[in-house]
Amino acid sequence: MQLDDRKWTILKAIIKTYLETGEPVGSRTISKYADLNLSSATIRNEMSDLEEMGYILQPHTSAGRIPSDAGYRLYVDRMMEEKDREVTEMKELVLQRQDKMELLLKQMARVLAANTNYAAMISGPQYHRTKLKFIQLSLVSESQILAVIVTETNVVKNKILQIEHGLDQQTVLEMNILLNSALNGLTIEEINLATIKRLKEQAGIHSEVVNRVLDAVAESIQSDNEVEIYTSGATNIFKYPELSSSEKASELISAFEEKQGLVDMIGTAGSQETGIQVYIGQEAPLQSMQDCSLVTATYDFGDGMMGRIGVIGPKRMDYDRVISTLKTLMAQLDQIFKKE
């Protein structure tokens with residue numbers, strides 16, 4: 001007797017229900033699964049076949065069924081095959097590189113939401129090692145200069161800077177030489193306090209220009225890293241009574257739809273932190289998530305390409321399961337990119 005798709009779906013439903021309740025499972029319970037659309041009589045017939053095949057047992061007369069060892073074995077083997085298939089699909093997507101990156105991240109968000117039963121988000125990779133190519137200062141007036149900032153990715157930003165001490169053309173030329181000699185080829189992370197202190201000392205009374213230029217540089221590099229956010233499982237929020245009130249659910253769904261709040265949250269939570277980060281209740285960086293818990297991790301594609309993964313759920317979330325799932329996903333990501 002073949003285990004067709006219908007029998008396999010019913011067997012999975014029996015095993016999942018029994019794992020949740022610990023009670024024998026009847027045909028009426030299984031008939032409530034939305035993806036079956038079968039009558040109780042049809043399900044009873046299929047359950048009889050599954051029992052004959054040795055995948056489920058009836059502990060006593062008139063009771064529902066429970067999985068047998070053979071049923072558990074089949075379930076675990078197929079589950080492992082599905083996980084391996086998911087990883088293989090991810091690898092195939094990654095091998096197609098940048099044009100398929102969006103599909104990969106969307107799939108990961110779906111897998112994460114399905115595996116945790118919470119809402120999930122993944123930010124697209126940002127380049128955190130963008131280097132400064134050059135700075136060009138030009139005199140606009142006695143109280144204003146124009147700073148043209150160019151990054152190594154050829155993003156050009158123009159910024160009008162207010163100055164307190166008037167500059168002449170010769171001083172502007174000297175400031176250009178000073179800033180470019182010290183900063184060209186550096187990332188924002190490499191512009192440390194010692195470098196800033198030395199620049200200010202050399203600039204003398206024009207040290208405020210250094211501050212304003214550095215602020216403009218940081219802003220330019222940050223704008224070179226626009227963040228894409230991929231989400232999944234937002235409707236899982238409605239499964240938890242403490243989050244399903246119209247006001248709370250509306251705020252959370254809006255955050256997922258508008259996504260700008262999620263972008264801000266990534267920056268507030270510290271996208272450069274490594275490892276697993278857990279934010280509970282009022283620790284959450286976003287106001288609409290003050291009644292939730294947020295678990296995040298940073299992935300690293302190498303060469304400075306980094307992004308953030310997050311799971312949002314109730315404060316009573318299964319932290320062990322979420323953290324374990326995130327660690328597994330991080331390991332899979334690492335394996336995918338290390339083998340390219």
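Two strands pair if DSSP finds at least two bridges between them, and strands here are DSSP runs (E, at least two residues), as helices are runs of H or I with at least four residues, both numbered from the N terminus. This is a predicted model, in which local features need pLDDT of at least 70 and side-chain atom pairs count only at pLDDT 80 or more, while totals for chains, interfaces and linings use all residues. Residues are numbered from 1 along each chain as its sequence is written, and side-chain values use heavy atoms, with hydrogens and water left out.

The protein has eleven helices and eleven strands, and of its 340 residues 43% count as buried (under 20% relative accessible area, with a 1.4 Å probe and protein chains only).

Strand 6 joins strand 7 over seven bridges in the antiparallel sense, and Ala-147 stands opposite Lys-159 in strand 7.

| Strand | Residues |
|---|---|
| Strand 6 | 144-151 |

Elsewhere, the axes of helix 1 (residues 5-21) and helix 3 (residues 40-52) come within 10 Å and cross at roughly 85 degrees, the axes being lines fitted to C-alpha atoms over the stretch in contact and angles running from 0 to 180 degrees between N-to-C directions. Helix 1 is therefore roughly perpendicular to helix 3, a term that covers 65 to 115 degrees. The contact (heavy atoms within 4.5 Å) involves, among others, Ile-10 and Leu-11 of helix 1 and Met-47 and Leu-50 of helix 3.

Methods
Parallel < 35°, antiparallel > 145°, perpendicular 65-115°, else oblique. Buried < 20%, exposed > 50% of the residue type's maximum accessible area, 1.4 Å probe, protein only.
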